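Here is a brief report on how two chains meet. It then turns to a single residue.

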Protein chains: 2
Amino acid sequence: MSKELTSRTEDYSQWYNDLVIKGGLADYSAVRGCMVIKPYGFALWENMRDQLDKMFKETGHVNAYFPLFIPKSFLSKEAAHVEGFAKECAVVTHYRLMNDTEGKGIVVDPDAKLEEELIVRPTSETIIWNTYKDWIQSYRDLPLLINQWANVVRWEMRTRLFLRTAEFLWQEGHTAHATKEEAVEETLRMLDVYAEFVEEYMAVPVIKGVKTPNERFAGAEDTYCIEALMQDGKALQAGTSHFLGQNFARAFEVQFLNKENKQEYVWATSWGVSTRLIGALIMAHSDDQGLVLPPKIAPLQVVIVPIYKGEESKAVIDAKANEIAASLKALGIRVKYDNSDNSRPGWKFAQYELQGVPVRLAMGLRDIENKVVEVARRDTKEKNSVSMDGLANHVVKLLADIQQSMFDKALAFRTTKTTNANSWDEFVKLLDEKGGFIAAHWDGSAETEELIKEKTKATIRCIPLNNKKEEGKCILTGKPSTQRVLFARAY
Amino acid sequence: MSKELTSRTEDYSQWYNDLVIKGGLADYSAVRGCMVIKPYGFALWENMRDQLDKMFKETGHVNAYFPLFIPKSFLSKEAAHVEGFAKECAVVTHYRLMNDTEGKGIVVDPDAKLEEELIVRPTSETIIWNTYKDWIQSYRDLPLLINQWANVVRWEMRTRLFLRTAEFLWQEGHTAHATKEEAVEETLRMLDVYAEFVEEYMAVPVIKGVKTPNERFAGAEDTYCIEALMQDGKALQAGTSHFLGQNFARAFEVQFLNKENKQEYVWATSWGVSTRLIGALIMAHSDDQGLVLPPKIAPLQVVIVPIYKGEESKAVIDAKANEIAASLKALGIRVKYDNSDNSRPGWKFAQYELQGVPVRLAMGLRDIENKVVEVARRDTKEKNSVSMDGLANHVVKLLADIQQSMFDKALAFRTTKTTNANSWDEFVKLLDEKGGFIAAHWDGSAETEELIKEKTKATIRCIPLNNKKEEGKCILTGKPSTQRVLFARAY
């Protein structure tokens, strides 16, 4: 099985595709740019979603659901939003099909044309703020802390499974506040929630920062982000949290009576992460044998594979394996005993390696006699013979160890791949030969940022929060700068 | 608050709308026919969804996600499916917007016309079976037991919140089997799961039955359903489970190599329930003061309201109430202590009655001195003074009691409202004066069924499973019949 996988050095992009498809995470669909999330991939997403949802609720948010469709005119209401964003959209123009009069199957009924076209939501600020208008009258109605889990559509021309698809799943938080301070605080709180989730559950270290005006969300006053580094040295934006100021409140006329009995526009935030995170997860950890999944969100944490010859030994192994599986389940571990007859142990080993199951237990008759199990960890491929006494506790510790090791490894990689550049030549050379994050001085102008992007395809990923102030000169223009910013080529 | 509600006798339909909107469950949106599910309504849906999801997984199903869009040509592939179904749909014809050259905001880019129109899924049989073609080769790939939680769109002309909306949320199970027997078994298993969920969690009794050919899902060989009775005597179809035969496998060419090494078409089922269930829940239990929610799925099971004068007594009551809330939470009860200063106790009482919180605890200083709490149950409005000793256990028992009482009450109502009719006159009189289910003989022909519907607006809700055989004569035509079927006017 693993033989069929392209290696990372051979073709990184093909390696990624192989893992997604052969690992059973997702597949292309008959609809251009839309993917099918397969059961194994969806189980992974469910674990991620459930944990995030818990963290959102712990920070006082509730879920709601807003319409899939947005009237076209709504998109025009916030000028920057429509300018920067809402062009590549799926547009609904009709609401009925009919049998073709010439018998050519079904056709769109020309009489069923909508008066105003509907846009399949690419993001929901406009429809939600149009609704908030009816929900917010007084400061007593604030803050409004709402999240939505939904599908959204952006008509991307070049798509890649999970990383960039026409339809994807995400959550979008949309909050309303009485003061600017509260809204900024919320924006940063959710950035922290994202960082905590991605680091502690996905074992991917991230840098928290703020985007340059060029890279801001359309309609935001400030866009904060978490940036992760992939194994090919490219960066990936893993989540964003936007301080929207009063822009959407003004566009949709959402005012509230403040404590001083005066009408005031409401302050807003929005924040989101998507199934793109799965792409980040794959590229941060996996290897040439397949996926490597962190135990905390792996659909399956432990697999048990029997090694037997003949039915008789199978019965003995089945009994012991089921006992072990039960002891692991009792500790809340997601475990599967795979005693199917369809394939040989070697094939199963490769299959579960491909699927990134963190721990594999294998045992034959002689192991049972010796009261031991072979324990293999997916991340390092280390194998040990472990006593059956206290096995369950050993596995619990091992899962925690794997989770931590994966994070440490990714962090060490990022540290190695984060370099200061002090001249243009050095900058270009680092980009081409080393990749990763490059910390360099920039003169702060949009023009320079654009020029650097044109010349190198590198973008400013973010200005890290609590960035060190340091006098310097812009690597391109030589103009004075007060701090380094993080550049990288990115997904 | 409750004063603003229309009563059931005054205007049943307006009463329903008042409850949905003023109870904070849902709201109309700016998009015709699409609703906003508000946080309280969504919390209810989450509880229902999570329980159903658990039951699906316990019966061996896994979740996946398929595209929102369906190529138009797919709908033509299964003849009965397209004939009976897929006409009132949202049709995507373009994929880009642009700035109007005359400055009139944004318009649809005429150059961005899709070669083939995409339909926003009204149900996913076609896109899913087109995918299954790639997933199923041999009997070893079967059964395939997949469920999807998704939004779907059907362009209904007359919409009502939850009951019939253009967009709604639902789950759709789509399973593939090697034999007809297995598929039929699965169809009935999921019907049982639905019945168990609706009866045990929603406290709504249902009748399991099979639809007449006229009322079958388009493309199914048999449609099974659960039918519930609302307080106005109308029936509501609460869930359906379809045996699809080999229809979709043939339409999408999904064959498998069976154990005898022969190619064979796959057998299919599909089954679904939707946010419509929330409509059923409201109409089965609620009263003129507001919602009455069954404890097992109520977003909030217990609310504690303090009765105080002055800050000093408030501090004492706060301490005691928080202690009680903690003891309830420790038992897994969803509880809220509402000590907000915004409104008086009487207003809070009315508000939580409106929202259908099953149990309300109220206490003042004197109650604390006497070590008692006033416990009010929402369903019967009974109030009792209960000792604080063992209060938590009392509440646990009370919640279970309310759950059972609500079911019993709804069952008694249905029993009263289920009547045999033995002549046409009796049938019409019962429909007009009593409503409910009417068990009557029918000659088995589609024509008679249609005629009865035309004359009375009553439809055959189902032929109950394990129906008693009984010789009789059709109430309309007098032709011979072997069993009674259940008629009702329905939502």
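## The interface

In this predicted model, 55 residues of chain A are in contact with 55 residues of chain B. Sort the chain A side that touches chain B by residue type, and 35 are nonpolar, 11 polar and 9 charged.

## Symmetry

How is chain A superposed on chain B? A rotation of 180° does it, with 0.0 Å of shift along the axis and an RMSD of 0.0 Å. This is the relation of a two-fold axis. Within chain A, Val92(A) has the C-alpha nearest the axis, at 2.1 Å. Both copies use the same surface: 100% of the contact residues of chain A recur in chain B.

## Strands across the interface

Strand 5 (residues 91-94) of chain A is joined to strand 5 (residues 91-94) of chain B by 3 bridges. The two strands run antiparallel. Val91(A) stands opposite His94(B), a residue of strand 5 of chain B.

## Lys469(A)

Now take one residue of chain A. Lys469(A) belongs to strand 25 (residues 469-473). Is Lys469(A) buried or exposed? Lys469(A) counts as exposed, because its C-beta has 7 neighbours inside 10 Å, and the cut-off for exposed is 12 or fewer.

Which residues does Lys469(A) contact, leaving aside neighbours within four places in sequence? They are Thr482(A) and Gln483(A). Asp18(A) sits 451 residues from Lys469(A) along the chain.

Definitions and conventions:
Residues numbered from 1 in each chain as written. Chains lettered and ligands numbered in written order. Predicted model: local features only at pLDDT ≥ 70, side-chain atom pairs only at ≥ 80, totals over all residues. Least-squares fit on C-alpha atoms with pLDDT ≥ 70 in both. Contact = placed C-beta atoms within 7 Å. Nonpolar A, V, L, I, M, F, W, Y, C, P; charged D, E, K, R; others polar. Pairing = 2+ DSSP bridges. Helix = DSSP H or I, 4+ residues; strand = E, 2+ residues; numbered from the N terminus. Buried ≥ 20, exposed ≤ 12 C-beta atoms within 10 Å, placed from the backbone.
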